[in-house]
Amino acid sequence: MSTSKAAGFDRRYIYILLFILVSIPLLYPLGLPIPISTHTEGVWDATTALPAGSIVVSSFDFGPSTIPENRPQAKAHLFLCRELGLKVIALAFWPGGGPIGDSVLSEVYGEGYQNEDFYGTELIYLGYVPGNEVGMQTFGDSPMDAKGTDHFGTSVGDLPLMQELEDASDLGLWAEWTSGTPGEQQVIQFVQGRHGGPSAVPLVVGSTAVSVPGMMPFYAAGQIVGILNGLAGAGEFEWLVNRDYPEYPQEQGPGLDAQSVAHVLIILFVVIGNVGWAVSKSRGGKSS
Amino acid sequence: MSLVVKRYIPLAITFIMGFIMVIATYFLAPGTPARDATALLTATVDVLVATAGVIGLVALLRHHTVNINKRGRFWKYSIITLIGVIIYLIIGLYGVATHESHYMYASELFSWVYNSLYVHMDMTIFSLLAFFIASAAYRAFRLRSLEASVLLIVGSLMLLGRAPIGGAIWEGFPAIAEWLLNVPNTAGNRAITIGVAIGAISLAIRQLLGVERGYLGPER
Amino acid sequence: MIPPNVGQLPPELDLFAAIFGVFVTVFIYSFLWKENPLSRAVEHLFVGLAAVFTLGFMYDAALSQAVWGTNRLAEGNFIWLIPILLSLMYFFFFTKKYFFLYRYPVSIVAGIMAGMMICGMIQSNFLAQIQSTVELPLVGNGVWEGWPMPGLDSIIIIIGIITALSFFFFTWEHKGALGVSTKIGRYFLMATFGAAYGGTVMARMSLFIGRLRFFFETSYEDWFWAWYLVPVAVIFVIIVALWERRAKG
């Protein structure tokens, strides 16, 4: 027990405080308004500018650990693509993304979507495409070579939508849902850069919040045209989708309220910790 | 076995493969048969990357088996690992044996274990970091210097600006957070990106020229 | 066609999944209080399942890439035998005498990825970044409209990039003009790390909030809610932890 104490304050009390205070807004939502960032508007503008029938790649490059952030981003964007009449080729370059993509597509397009008439012409799910960055480059250069079958075992040669895609320059948009490598940087390096740059392969990214600061140079260079920044970005995009399509539920409100409480708590911990440190230092005690 | 077979041929293969990729990117136009051939080459390499995962599983089994035999640290928990591996593998192999496609994921139980059991563990283990961050915020982050102060102030403004509470307190917080991301963070990260790119390119060239040989593994 | 998974398994398994999820979540979180047999057990189980599911997905992907599908082995295109045979050479990793054969598939992958890295990095992470920096407008409408002094943003970015890059010049001692430059660059890097810290806190809190939402929002046929079991799981952990302490004497 003594090893967990520091500055006379057991850190386990911090854990309990965090648990209790962050739980409260989930049970009693605060209903805080969600400000929309320009990064999120970039994703919206890039998607809504596409003419109906454009091909969008939706890449589920994340694992179960970032489902709370990436899944709602991907789901809201796929819903928008469906409503706008865009054709979607969904896939995953992470093994864990394979089943997650299937689950999200089931929610947006309905259970058993692979048996519907639109499957193969309006929507394809390739599932996990092996090879990491090598697989990404292969898909960008020659999509039919990237994988022999889709997620359900159907030959890609039997899917008409795959015939429409000769290489990545035929895409209207690449939507990358990512939490690490391979992710947006690999799309830029091995797909976008090889097929005409950002104007030929526009890229929007839905990412875990950890990675967003690192992708800002690419956003500033125009290589990424829009970013959904973690859970906040998911909530902002849901708000935009709900504004134009009220049947789409806004589900991230309580989560964002809880996030607000968590952030304030962290700032308070930093302040209180530093005040305590400054006081003990001024009294000539050991700094800790 | 001579050094030629053990060392120099693998190094030559590395150089040739890398050389092909560079030539294909810069000297072959998209759509030409030669460029399509390199796409086929990378497609076949995808299979190699996929099957490398088997080594990881075998190494894991070997580690835990040795731990149990030697009654090492937490050897009883190694039994749990092995039981989990064996049962899950049997479930997967049942799908391989019974489904016409011979996919492991074809086993409904295999995919159910992943979707309904494994994801809970994965999400929870990663979420532990939230508590450690909270604890570190109180115990470790000290404004000992001007540089540390810049770090903490920027971090705090980001936290306020990126959650709805910031906008509720003052409408300027989200704008400040966005400016911090777009300007000073972009500057610093762009410098890091350029530096990392130079390092990665030089490492790749060294690897192709055979100067870096760590990927070949130990000499046996 | 792989049959869809929904509706193939008994629905009661959903209840089992919810119960399992609550218990493993509480067992893992109990590690925060004190490491105990249950948290260790779940961690070891997690490692085992992770290894097998990774193997499973990669095996399926290799099969769907090389064997099934358009113009693959099953349709008589025997060129796909080559990567399959090459990938079998990975198993020589576990031998002493023929370990060198393991290096052949590794060197193919390493060579291709090194070649890809050179091409990709030069264009996207190097030239495009420098081009974007050079193209920053210093006067008139800036990159981000609405900011009252758009040119100032560009100037700050340019100064930040140059000074932060100078921080990584280790060939010369950081004295004089270079010393001033690296000092300024360090502050820009601190701002970068501050933004990264903010992002990290955001991300980790989101994951924790995800688990809390699982507790409060998971139900089975309206009579079972996941959070009912949290006190039960906590009591279980306490009992096991006390038992372990007693067993150790």
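## Where chain B meets chain C

In this predicted model, 105 residues of chain B are in contact with 103 residues of chain C, two residues being in contact if their C-beta atoms, placed from the backbone, lie within 7 Å. Among the elements that give two or more residues to this side of chain B are α1 (3-27), α2 (33-51) and α5 (108-139), where helices (H or I, at least four residues) and strands (E, at least two) are DSSP runs, numbered from the N terminus. The helix that gives the most is α5(B), with 20 residues. By class, the side of chain B that touches chain C holds 69 nonpolar, 29 polar and seven charged residues; here Ala, Val, Leu, Ile, Met, Phe, Trp, Tyr, Cys and Pro count as nonpolar, Asp, Glu, Lys and Arg as charged, and the others, Gly among them, as polar.

Residues are numbered from 1 along each chain as its sequence is written, and chains are lettered from A and ligands numbered from 1 in the order in which they are written. As the model is predicted, local features need pLDDT of at least 70 and side-chain atom pairs count only at pLDDT 80 or more, while totals for chains, interfaces and linings use all residues.

## Two helix pairs between B and C

Helix α2(B) packs on helix α2 (residues 37-66) of chain C at an angle of about 160°, with their axes 8 Å apart; axes are lines fitted to C-alpha atoms, for helices over the stretch in contact, and angles run from 0 to 180 degrees between N-to-C directions. The two helices, α2(B) and α2(C), are therefore roughly antiparallel to each other, since angles under 35 degrees count as roughly parallel, over 145 as roughly antiparallel, 65 to 115 as roughly perpendicular and the rest as oblique. Among the residues that meet are Ala43(B) and Val47(B) in α2(B), and Met58(C) and Ala62(C) in α2(C).

The axes of α5(B) and helix α6 (residues 176-217) of chain C come within 8 Å and cross at roughly 125°, and these two helices are therefore oblique to each other. Residues making this contact include Phe126(B) and Ile133(B) of α5(B), together with Met205(C) and Phe208(C) of α6(C). The residues of this contact divide into nine nonpolar, four polar and two charged.

## Where chain B meets chain A

The contact between chains B and A takes 48 residues from chain B and 52 residues from chain A. On the side of chain B that touches chain A, α5(B) gives the most, with 13 residues. The residues on that side divide into 27 nonpolar, 13 polar and eight charged.

## The sheet of chain A

Six strands of chain A form an open sheet in the order β5-β4-β3-β6-β7-β8, and their pairing is parallel; two strands pair if DSSP finds at least two bridges between them. Strands β5 (123-128) and β8 (226-229) stand at the edges, each with a single partner strand, so one side of each is left without a neighbour in the sheet. The twist averages 15° from one strand to the next. Within the sheet, β3 (residues 55-61) and β6 (residues 173-178) of chain A pair in the parallel sense over six bridges, and Phe60(A) stands opposite Trp177(A) in β6(A).

Helix α9 (residues 212-220) of chain A packs on the sheet, where α9(A) touches β7 (203-207) and β8 of chain A, and its direction makes about 170° with that of β8(A).
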